[in-house]
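Welcome! Take a moment to look over the model below, and then we will walk through it together.

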Amino acid sequence: MYTTLIILAVTAIFFMRGKVRADLVALCALLLLMLTGILTPAEGLAGFSNSVVIMMIGLFVVGGGIFRTGLAKMISSRILQLAGNNENLLFVLVMLVTATVGAFVSNTGTVAVMLPIVVSLAASANLNARRYLMPLAFASSMGLFTLISTPPNLVIQEAITNAGFKPLSFFSFAPVGFVCLTIGIFILFFLSKLLVSKNDSAEKKKKQGKSLTELAQEYNLSQQAYQIEVTGNSPLLNKTLSELGISTHYDVNINKIIRKTQKSRLRKSYTEEVAGPNSVILENDILYCLGKKENVERFAAENNLTFKEITEGDYPSFQESGIAEVYVLPNSRLINQTISEIRFREEYEVNVLGMQRNKSYQTDDIAGVKLHAGDALLIQGTWKNLAELSNHHEDLVLVGQPLKEASKVTLNQKAPVAAGIMILMVIAMAIDVVPAVTAVMVAAVLMVITGCLRNVEEAYSTINWESVVLIAAMLPMSTAFEKTGAASLISNGLVTQLGDFGPYALLAGIYFCTSLLTLFISNTATAVLFSPIAMQAALEMGVSPYPFMFAVAVAASMCFASPFSTPPNALVMNVGRYSFMDYVKVGLPLQIIMGVIMVIVLPVIFGFYI
């Protein structure tokens, strides 16, 4: 037993430090349990065939079909546009729509889809997006209306079923979700105003959102941007950028080429080309460069080019091409890769002009910088290529487009099919016509067969394998807890300390211990660890386990006091320019109030006695 507790303690420390990937930590903990003989190989590997894990894989694929077809984006955008310029109505609709969509698909995916829509609508209505983005992230966790809303829901369903109690139905969580969302909207309606200062409000009244020029000024492009005209005797003539290797030799990036196509006494005509590896340099081309001034001057001098410095506000006009801002998602495959390794030009046909991390801007020497979750990248490309970046929502969120472009929503022709598959899956699970895992797997396969996802490879790409491995490796930990008596030891301690004060005190102890641990480790891992403890504590006290199991699921999901407790919280941090203390002053009161009300409400809904 003590070996199990030591392994758990070390695992929790590694989770909290965050230096090592969570799935790797969980796998190491699992291997230690097997090597020490606490778990047999069959017990240790049982998590990888567990129905909870299989359902999660299927739900990732189903959610991928919903997002890839544009269905979620279309519905969300249409509903949110009903708010018009009404600040309060937009706030309520943001939370309602996010919670509703999040009840059926991935929370992180929901926020990734909703984020650019909310930013665009807020800017169009001359409102500050800071008031909406943190509630947006919180609302994605509040939509506890269904069994598949969050992984902790599936975890407690597994624990309840294994203990021989009646399984939960698909909508058993609906009353809890309704209460959580109602509380969240009411409390955040007031607390969210703390996120917007008077200066922010005054500034918003003066301008209609962030324009392209303002975005360029924000990254200080004019201080790093220069024009160079190609002369007739330059050695660059008729060569491609990939052949020249300018960025390698001079640390200068060519991002745009203006080419003279017609000349007369009355007018001049130009074409604008986004610089790429295959762009050819011709005589009289005007090259727009980014880099340190001394590097650009050396590049011009050594290649017989005419140098011109761009003055403040003289960054090139945005006609055929433009700039935009993208944010790196918490689970993106781009994390820990450098910009040069990712090969943005080849992969996405856009140029990276600058990056922003923790409110610090950098436009030079960024090729070798490894990307972190939440980093913002200023990119440049044709409007078409910028728009196509929205299709890569598993890695990037596009938020810095022009306001009209950001408001556009394209609906894929397969969206009605995806909607039909989703509805049929929900109906099948609600009326229990087939086991839930079967309904989910059928829906996932149909998403591929019907073309909502282009192929099996794309279906696999929608799966967050880190989360899958984390849960599969952590589930046997609950088996070790029960097998060694660790769960009984902890539950006995809780009953001994709190049992004399009644079941409400014990429920409060379970809820707030779960809530506290979720601040430091994954909500799914927390639910895995506390579900056997809650079950044992309820049985020892002779009361129904349902309120206690729901307390674990809700407390594990309702974590708002830290930007790093959930991927949605982390995702909106940089976009909303939030600090850690913003989460504390808004999220901590909400988390505490939510806990107090849940301790009162859960026994009313489910009862302490069966």
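Predicted model: local features only at pLDDT ≥ 70, side-chain atom pairs only at ≥ 80, totals over all residues.

Residues are numbered from 1 along each chain as its sequence is written, and side-chain values use heavy atoms, leaving out hydrogens and water.

**The whole chain**
- The protein chain holds 29 helices and 10 strands; these are DSSP runs numbered from the N terminus, with helices being H or I of at least four residues and strands E of at least two.
- Of its 610 residues, 55% count as buried (under 20% relative accessible area; exposed is over 50%, and partly exposed is in between, with a 1.4 Å probe and protein chains only).

**Helices 1 and 8**
- Phe 14 belongs to helix 1 and is partly exposed, with a relative accessible area of 38%.
- Helix 8 (residues 130–142) has 13 residues, and 13 of the 13 are buried, so this helix is largely enclosed by the rest of the structure.

**Strands 7 and 9**
- Strand 7 (residues 351–357) pairs with strand 9 in the antiparallel sense over 5 bridges; pairing requires at least two bridges found by DSSP.
- Opposite Val 352 stands Ile 379 of strand 9.
- Strand 9 (residues 376–382) is mostly covered, with 6 of its 7 residues buried.

Methods. Expected span 1.5 Å × (residues − 1).
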